[in-house]
Amino acid sequence: MATESELVETSRIEAFSDGVFAIAITLLVLELHIPDAPEGELWHALREEWPQFGAYLTSFTIIGIMWINHHSMFRQIQRADRGLMFLNLSLLLWTALLPFPTNLFAEYLRNDTIDAHVAAAVYSANLTLAALAFSAIWWHVLRKHLVDHEMNRSEQRKSVLRYSIGTVIYAATIGLSFISAPLTLLVQFLLAVYYGFEQLRTRSS
């Protein structure tokens with residue numbers, strides 16, 4: 001366990017993280033473009049852009065819920081050590097990268113080719129690594145007693161397991177990517193909805 005002199009407040013970590021989440025979620029919309037449609041064909045052209053809108057909506061939802069859960073997690077964390085700072089940076093690494101695989105996925109989603117499956121796998125891998133980083137943060141703060149409540153080892157394992165179930169499914173979507181790219185996108189969206197429900201023990205628990 002870190003000594004008191006090695007522990008710091010979490011406010012700067014939260015402020016920096018909020019900035020990264022805000023930039024990442026804003027960059028997503030920059031990949032939406034007005035379609036070049038002949039006169040009278042705009043509605044058809046917009047429908048043809050469904051991969052861009054679908055990928056945007058999914059990634060916006062994922063980053064938004066990541067931000068909410070990050071806030072919920074740090075509401076319980078009383079102090080931070082260097083390990084937590086590095087783990088939080090790893091989460092921000094995959095968060096900041098997400099606009100790239102989102103655009104890649106949207107670009108190839110409509111084509112039932114190996115490229116579409118590869119793009120879906122890259123997107124899924126990015127989300128899997130972000131989910132692993134989230135789970136690692138929660139595991140670390142429990143192990144180092146950086147939270148505002150005490151849990152025995154059994155309770156810690158159950159808490160980490162509950163929070164990490166989605167991580168296993170995220171990893172499974174990498175394989176699913178090579179079966180169906182559109183289905184992969186749907187599963188990613190449903191996973192975001194799952195994480196929209198509180199998965200962490202709160203102060204009132």
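Reader: Which residues line the largest pocket?

Author: First, this is a predicted model, where local features need pLDDT of at least 70, side-chain atom pairs count only at pLDDT 80 or more, and totals for chains, interfaces and linings use all residues. Residues are numbered from 1 along each chain as its sequence is written, and side-chain values use heavy atoms, leaving out hydrogens and water. On a 1 Å grid over the protein atoms alone, a pocket is an open set of points with protein on both sides within 12 Å along at least five of seven lines, a cavity is a set where a 1.4 Å probe fits but cannot get out, and lining residues have an atom within 4 Å of a point. For the largest pocket those are Val8, Glu9, Arg12, Ile13, Phe16, Arg82, Met85, Phe86, Asn88 and Leu89.

Reader: Which helix gives the most to that pocket's lining?

Author: Helices here are DSSP runs (H or I, at least four residues), numbered from the N terminus. H1 (11–29) and H4 (82–97) each supply at least two lining residues. The top giver, with five residues, is H4.

Reader: And how much space lies in the largest cavity?

Author: The whole structure holds three cavities of 30 Å³ or more. A volume is the space filled by probe spheres set on the grid points, which are joined across faces, edges and corners. For the largest cavity, that comes to about 160 Å³.

Reader: Which residues lie nearest its centre?

Author: The largest cavity has 14 lining residues, and H6 (114–143) brings the largest share, five. Nearest the centre are Met66, Ala131, Phe134, Tyr170 and Tyr195.
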